[in-house]
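Dear colleague,

Please find below the structure that I am handing over to you.

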Amino acid sequence: MKNMNSIKFTDEDIEILQDMIEKAERTKMTCRRELSGIWLESKNYDIPVTELRLLILSNIQVTVSRVCFKNTRHGTMTSVFEFLKDFCIRNSINQIIIQSVLTKEMANWCIKHGFNPIKSSSIELNGITIGDYVFVINKNPD
């Protein structure tokens, strides 16, 4: 098991994510490293801003704390999710959290991809469950 403080996104991880988002969004991205993760944003600060903020909590979880893609329904979030599953497996991280799901589209995406609402941090509102969703990493996919 890795040291609790040693799990970070590598330069290669960041490059892969940046390239993936730049191609899908047709905009240049910048990356700010944070103490516990990274924040990718469109360079031009377009409105709306294209952004992806990922936080790592030790070997416990990766949290998607902000996500905004202008070009929706193009598979960008699914590609990010596939990358994050691989990252979690490589780093023995147990789960992925999508934080503060507020739209029906994102709630539907979460459910379609095997995420479940976290009962203690979500509520039913106008027919959708808003709040936090969790995906538990299956380390033995047999």
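Is R90 buried, partly exposed or exposed? R90 is partly exposed, with a relative accessible area of 42%; here buried means under 20% relative accessible area, exposed means over 50%, and partly exposed lies in between, with a 1.4 Å probe and protein chains only.

Before going further, please note that this is a predicted model, in which local features need pLDDT of at least 70 and side-chain atom pairs count only at pLDDT 80 or more, while totals for chains, interfaces and linings use all residues. Residues are numbered from 1 along each chain as its sequence is written, and side-chain values use heavy atoms, with hydrogens and water left out.

Salt bridges

Side chains of opposite charge can pair when their charged atoms come close. The structure contains eight salt bridges, a salt bridge being a side-chain nitrogen of Lys or Arg within 4 Å of a carboxyl oxygen of Asp or Glu.

One of them joins R90 to D13, with 3.2 Å from N to O. This pair links distant parts of the chain, 77 residues apart: R90 lies in helix α2 (residues 76-90) and D13 in helix α1 (residues 11-25). Helices (H or I, at least four residues) are DSSP runs, numbered from the N terminus. Whereas R90 is partly exposed, D13 is buried, at 4% relative accessibility. R90 and D13 also belong, with D86, to a network of salt bridges.

A further salt bridge connects D19 and K23, whose closest N and O atoms are 3.1 Å apart. Because D19 and K23 are four residues apart in helix α1, about one helical turn separates them. D19 is partly exposed at 35% relative accessibility, and K23 is exposed at 60%.

E41 and R32 form another salt bridge, with 3.0 Å between the closest N and O atoms. In this pair E41 is buried, with a relative accessible area of 11%, while R32 is partly exposed at 41%.

Cysteines

A disulfide is a covalent bond between the sulfur atoms of two cysteines. How many disulfides does the structure hold? The number is zero, where a disulfide is counted as a pair of cysteine sulfur atoms within 2.5 Å. For C31, the nearest cysteine sulfur is that of C88, 17 Å away. The sulfur of C88 has its closest cysteine sulfur in C110, at 14 Å, which is too far for a bond. C31 is partly exposed, at 27% relative accessible area, whereas C88 is buried at 0%.

Yours sincerely

Methods:
Helices (H or I, at least four residues) and strands (E, at least two) are DSSP runs, numbered from the N terminus.
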